[in-house]
Amino acid sequence: MTLLSIDNLTITIAGRTVVDGVSLHVEHGERVGLIGESGSGKSLTCLATLGLLPPTASATGSITVEGAQVIGASTRYLHKLRGRTVGCVFQEPQTALDPLTTIGRHLVSPLRAHGQLRPGSARRTAIALADMVGLPDPESIIRRYPHELSGGQRQRVMIAMAMSTRPSLLLADEPTTALDVTVQARVLALMGDLTERSGAGVLLVTHDMAVAASRCDRIVVMQSGRIVETGTPEQLLTNPREEYTARLVDAAYATSWQPARERIAVAA
Ligand SMILES: Nc1ncnc2c1ncn2[C@@H]1O[C@H](COP(=O)(O)OP(=O)(O)OP(=O)(O)O)[C@@H](O)[C@H]1O
Ligand SMILES: [Mg+2]
């Protein structure tokens, strides 16, 4: 059964069609990159998959996760879906973390919310999760607060939370855009490593063709609410059909020239 199946998804906000007939699929264990210019509808596609569209938006079409329909699903089902079947990591971890809650409490919160935390095991579990994502000195870091961590460390906390419930699908919406380049590479490598080990499928939203090409099995290109091209990294890098895809490839070479060349060489 297909892990994530989005079919003919159309999203309208205030009479404006912002996602227009999008169909995309992620199989178990597959890594799919979703790339496109700002405002092309990438985040709304992710939010719709989590049943988290703004109340002003209306969606038609179908989104199934492991066969179950998300559009119009009950609050109860959506709660189970989020943070259990689907883990998510967003761009800015600072806003997703509660400044008054310790790192340790954050780390175990998804397991707790889904009744999967064994009584008396919170501290041990938090330490294990901090360790899993390479946070330094897990025993002391779990007692600290989000503002005491670097951006990269906070994003590691978000990844640990997202992966803690062993989701079958990880949705990552520009997970490293707010981080500097060297930290970006390490955080992406960590995500790749953890999802590969758990067998989770990944939908990775990015602006950067170099990132999509090096991290994904397949890339979906969006422009103005529509999918304009889909292919393997090799196809899109060497033989893009669309002018827009070619521009994304050129931009990747231009903006992260050396790193992009190295990553593309690894991917090809
Ligand atoms: N809550 C909202 N109310 C009204 N319009 C919205 C809302 N959220 C998104 N939009 C509009 O929908 C379109 C798609 O937005 P979306 O956030 O999905 O783009 P994106 O591809 O994720 O862009 P970016 O790369 O900048 O994150 C944009 O034109 C945006 O202005
Ligand atoms: Mg976005």
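Let me start with one pair of residues. Asp7 stands opposite Ser62 in β4. One caution before I go on: this is a predicted model. Now, what joins the strands around that pair? Eight bridges link β1 to β4, and the two run antiparallel.

β1 has another partner. Strand β1, residues 4-13, is joined to β2 by seven bridges, again antiparallel. Leu4 has Val26 in β2 as its bridge partner. Ser5 has His25 in β2. At the turn, the hairpin of β1 and β2 has two residues between the strands. Ala14 in that hairpin takes a positive phi near 50 degrees.

Zoom out to the sheet. It is an open sheet of four strands, in the order β2-β1-β4-β5, with antiparallel pairing. Which strands stand at the edges? They are β2 (16-26) and β5 (68-69). Each has a single partner strand, so one side of each is left without a neighbour in the sheet.

Stay on β4 for a moment. Strand β4 covers residues 57-65, and Thr60 is in it. Is Thr60 buried or exposed? Thr60 has 12 other C-beta atoms within 10 Å, so it is exposed. For a sense of distance, take Thr60 and Ser164. They are 104 residues apart in sequence and 32 Å apart in space, C-alpha to C-alpha.

Now the whole chain. The secondary structure comes to twelve helices and ten strands. The radius of gyration is 18 Å, close to the 18 Å that the globule rule gives for 268 residues, so the chain is as compact as a globular protein of that length. Along its principal axes, the C-alpha trace spans about 55 × 45 × 35 Å. Buried residues make up 41% of the 268. And the contacts? Of those with a separation of 6 or more, 68% are between residues 24 or more positions apart.

Next, the ligand. Which residues are around ligand 1? Here is the list: Ile13, Val18, Gly36, Ser38, Gly39, Ser40, Gly41, Lys42, Ser43, Leu44, Pro54 and Thr56. By class, that shell has four nonpolar, seven polar and one charged residues. Helix α1, residues 42-49, gives the most to the shell, with three residues.

On to the core. The largest nonpolar core has 71 residues. Which members touch the most others? Leu107, Ala130, Ala160, Leu169 and Leu203. The largest share of this core comes from helix α7, residues 151-164, with seven residues.

Take Leu169 from that group. Set aside its neighbours within four places in sequence. Leu169 is then in contact with Leu3, Leu4, Val26, Val65, Thr85, Val86, Ala200, Gly201 and Leu203.

Gly201 lies in strand β8, residues 201-206. Gly201 has 24 C-beta neighbours inside 10 Å, so it counts as buried. What does Gly201 touch, leaving out residues up to four places away in sequence? Leu3, Leu4, Val26, Glu27, His28, Gly29, Glu30, Ser168 and Leu169. Look at His28 in particular. The C-alpha atoms of Gly201 and His28 are separated by 5.0 Å, although the two are 173 residues apart along the chain.

Last topic: backbone angles. Most residues other than glycine have a negative phi. Arg166 has a positive phi of about 50 degrees and is not a glycine. Arg166 lies in the loop between α7 and β7 (169-173). With 13 C-beta neighbours inside 10 Å, Arg166 counts as partly exposed.

Glu174 has a positive phi as well, about 45 degrees, and is not a glycine either. Where does Glu174 lie? In the loop between β7 and α8 (181-198). Glu174 is partly exposed, with 19 other C-beta atoms within 10 Å.

One more, in a second hairpin. Strand β9, residues 218-223, and strand β10, residues 226-231, run antiparallel and are joined by five bridges. Gln223 stands opposite Arg226 in β10. This hairpin has two residues between the strands, and Ser224 takes a positive phi near 45 degrees.

That is my tour.

Definitions and conventions. Residues are numbered from 1 along each chain as its sequence is written. Chains are lettered from A and ligands numbered from 1 in the order in which they are written. This is a predicted model: local features need pLDDT of at least 70, side-chain atom pairs count only at pLDDT 80 or more; totals for chains, interfaces and linings use all residues. The radius of gyration is taken over C-alpha atoms; the globule rule is 2.2 Å times the number of residues to the power 0.38. A residue is buried if 20 or more other C-beta atoms lie within 10 Å of its own, exposed if 12 or fewer, and partly exposed in between; C-beta atoms are placed from the backbone. Two residues are in contact if their C-beta atoms, placed from the backbone, lie within 7 Å. A residue is near a molecule or strand if its C-beta atom, placed from the backbone, lies within 6 Å of it. Ala, Val, Leu, Ile, Met, Phe, Trp, Tyr, Cys and Pro count as nonpolar, Asp, Glu, Lys and Arg as charged, and the others, Gly among them, as polar. Two strands pair if DSSP finds at least two bridges between them. A nonpolar core is a set of buried Ala, Val, Leu, Ile, Met, Phe, Trp, Tyr and Cys residues joined through C-beta atoms within 7 Å.
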